[in-house]
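Look over the sequence and the model, then read on by topic.

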Amino acid sequence: MPLPREADIVVIGAGAAGIAAARRILAANRKVIVIEASDRIGGRCITDTATFGVPFDRGARWLYNPDSSALVRLARSSGLETFPAPVGQRIRIGRRNARAGETEDFLAMLVRANRAIDELARKVDMASATALPKDLGDWAATVEFVLGAYATGRI
């Protein structure tokens with residue numbers, strides 16, 4: 001089948017938002033082309049069955065606002081089980097849970113990093129990693145991971 005050459009609207013990305021946008025455009029009787037950089041649709045939503053020998057969700061692993069989320073309704077109507085997130089934050093340091101003071105230190109560093117990223121974003125379009133404070137101490141790698149690979153599903 002030849003690729004379409006004309007469209008009313010071009011959607012960049014075939015993740016959940018891109019697919020939803022394309023469906024709405026089609027429902028409005030408009031021509032749409034969806035362009036995806038990777039070799040599959042779904043964006044960050046992917047279940048890896050090879051790495052651990054069992055299904056493991058990479059990327060999108062939380063469905064927020066379960067009472068109003070269209071994705072939660074779709075999952076449930078498709079017969080998929082959904083599970084609530086565990087209550088409370090748990091940060092692990094090696095084989096143990098972080099103590100209250102350690103958790104507070106980590107959260108303080110996370111807030112500092114987010115503020116630095118916000119400030120940079122108001123001034124210039126640069127990679128967020130360039131804005132991270134250099135004095136995050138022992139939490140530097142964890143903050144970088146949480147705000148980078150973990151938050152964006154690029155693990």
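At the start of α2, which backbone nitrogen does a side-chain oxygen of S69 reach? The backbone nitrogen of V72, to within 3.2 Å. The model is predicted.

**Around α2**
- S69 sits in the loop between β4 (56-58) and α2 (70-77).
- S69 counts as buried because its relative accessibility is 12%, under the 20% cut-off.
- L63 also lies in the loop between β4 and α2.
- L63 counts as partly exposed, with 39% relative accessibility.
- Leaving out residues up to four places away in sequence, L63 touches L71 and V72.
- L63 and A75 are 12 residues apart along the chain, and their C-alpha atoms are separated by 9.9 Å.
- G79 follows α2 and has a positive phi, near 85 degrees.

**The loop between α1 and β2**
- N29 lies in the loop between α1 (16-27) and β2 (32-35).
- The phi of N29 is positive, near 60 degrees, although N29 is not a glycine.
- Most residues other than glycine have a negative phi.
- N29 counts as exposed, at 73% relative accessibility.

**Salt bridges**
- The structure holds four salt bridges.
- Side chains of opposite charge can pair when their charged atoms come close.
- R30 forms a salt bridge with D8, and the closest N and O atoms are 3.5 Å apart.
- This pair links distant parts of the chain, with R30 in the loop between α1 and β2 and D8 in the segment before β1 (9-12), 22 residues apart.
- R30 counts as partly exposed at 42% relative accessibility, and D8 counts as partly exposed at 42%.
- D135 and R112 meet through their side chains in a salt bridge of 2.8 Å, N to O.
- D135 is in the loop between α3 and α4 and R112 is in helix α3, so the pair ties together parts that are 23 residues apart in sequence.
- D135 counts as exposed at 51% relative accessibility, whereas R112 counts as partly exposed at 33%.
- E102 and R99 pair through their side chains at 3.2 Å, N to O.
- R96, R99 and E102 are linked in a network of salt bridges.

- L132 is in contact with A113, I117, V143, E144 and L147, leaving aside neighbours within four places in sequence.
- V111 is placed in helix α3.
- V111 counts as partly exposed, at 40% relative accessibility.
- V111 and D39 are 36 Å apart in space, C-alpha to C-alpha, and 72 residues apart in sequence.

**Nonpolar surface patch**
- W62, Y64, F145 and Y150 make a nonpolar surface patch of about 460 Å².
- F145, one of these patch residues, lies in helix α4 (residues 140-152).

Conventions
Residues numbered from 1 in each chain as written. Predicted model: local features only at pLDDT ≥ 70, side-chain atom pairs only at ≥ 80, totals over all residues. Heavy atoms only, no water. Patch = residues over 30% accessible without salt bridge, like charges linked within 9 Å, V, L, I, M, F, W, Y side chains within 5 Å. Areas by Shrake-Rupley, 256 points an atom, 1.4 Å probe, with all protein chains shown as cover. Helix = DSSP H or I, 4+ residues; strand = E, 2+ residues; numbered from the N terminus. Contact = heavy atoms within 4.5 Å. Buried < 20%, exposed > 50% of the residue type's maximum accessible area, 1.4 Å probe, protein only. Polar contact = N/O pair within 3.5 Å; in protein donor to acceptor, adjacent residues only side chain to side chain.
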